[in-house]
Amino acid sequence: MEIQTRNEANTTVITITGRFDAVTAPDYEKKVQELIVGGDIRIVVDFAGLDYISSAGLRGLLVTAKLLKAKGGQVRFANVAGTVKEVFDISGFGTIFQMDATVAASLAAIA
Amino acid sequence: MKNDMKCIAAKIENLNGANDFVEEYADLFGLPAKKKFGLLLALEEAFVNICGYAYPDGEGEVELSCAGNDDVLTLEIADRGKPFDVLSLPDPDLTLDIMDRPIGGLGIYFIRTLSDSVSYRRENERNILRMGFKRSQENPAL
């Protein structure tokens, strides 16, 4: 999985591409923890390039969402679609995260 | 279709190797894309379980075997750890709020949901999880 970050409208946009699995989930958790330590607690995650997610990936999202909530931060997900979206839905995770159709919509909602 | 087998050390970093082996077989068998996604997800969940729990005192292996008969691709995942039926684990409570939900427990739920058939047996000191995936039948969950 490739993880890239950029700042937009006082929010950190994290772009993830490839596979979010047991091998790569620790990288994502580490990245978000670094952001939190640096004071970046408004986060949008762009799923457009993500091909695959497993329970380890969902767990990584849950752990970091809990950390952010504890710090008074926010996280929204953009472009969750296709089979990845279906994994969210069958696990019940589709209803517990804030999801938007585009990054722009996530940024507008978080502002 | 000819059976194929592979033994891999039970370490998380070997997931990609396990994935490639099973994906190649699924492609030769002609499993549709969504069905293959479910197969590879179930594979990861079972593989990660073995890496985490099968060999608490040391190192061990995961044995993967693929078979294709008529309409069904059968994947067997075996370990030589102490007897443990992963199917005995309960499904998670999917209705709980994000803050209340325990971390974990989803893997076995995916295995049950994404395979067309699943069974466990203990044979020759091995735990064997057997999963079937039908080529012709869409998965209702995905």
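Predicted model: local features only at pLDDT ≥ 70, side-chain atom pairs only at ≥ 80, totals over all residues.

Modeller: Residues are numbered from 1 along each chain as its sequence is written, while chains are lettered from A and ligands numbered from 1 in the order in which they are written.

Biologist: How many helices and strands are there in chain A, and how do they run from the N terminus?

Modeller: Chain A has four helices and five strands, running β-β-α-β-α-β-α-β-α. Helices (H or I, at least four residues) and strands (E, at least two) are DSSP runs, numbered from the N terminus.

Biologist: What radius of gyration would a compact globule of 111 residues have, and what does chain A have?

Modeller: The globule rule is 2.2 Å times the number of residues to the power 0.38, with the radius taken over C-alpha atoms. For 111 residues the rule gives a value near 13 Å; chain A has 13 Å, and therefore agrees with a compact globule. Its C-alpha trace spans about 30 × 25 × 25 Å along the principal axes.

Biologist: Which residues touch the most other members of the largest nonpolar core?

Modeller: They are V22(B), L39(B), A42(B), L43(B) and F47(B), in a core of 63 residues. Helix α2 (residues 33-53) of chain B gives the most to this core, with eleven residues. A nonpolar core is a set of buried Ala, Val, Leu, Ile, Met, Phe, Trp, Tyr and Cys residues joined through C-beta atoms within 7 Å.

Biologist: Why are β1 and β4 of chain B said to stand at the edges?

Modeller: Two strands pair if DSSP finds at least two bridges between them. The five strands form an open, antiparallel sheet in the order β1-β2-β3-β5-β4 (chain B). β1 (4-9) and β4 (117-123) of chain B each have a single partner strand, so one side of each is left without a neighbour in the sheet.

Biologist: How many bridges join β1(B) to β2 of chain B?

Modeller: Six bridges join β1(B) to strand β2 (residues 61-69) of chain B, and the bridge partner of K6(B) in β2(B) is L64(B). By the criterion of at least two bridges, β1(B) and β2(B) are paired, with six.

How values were computed: Buried ≥ 20, exposed ≤ 12 C-beta atoms within 10 Å, placed from the backbone.
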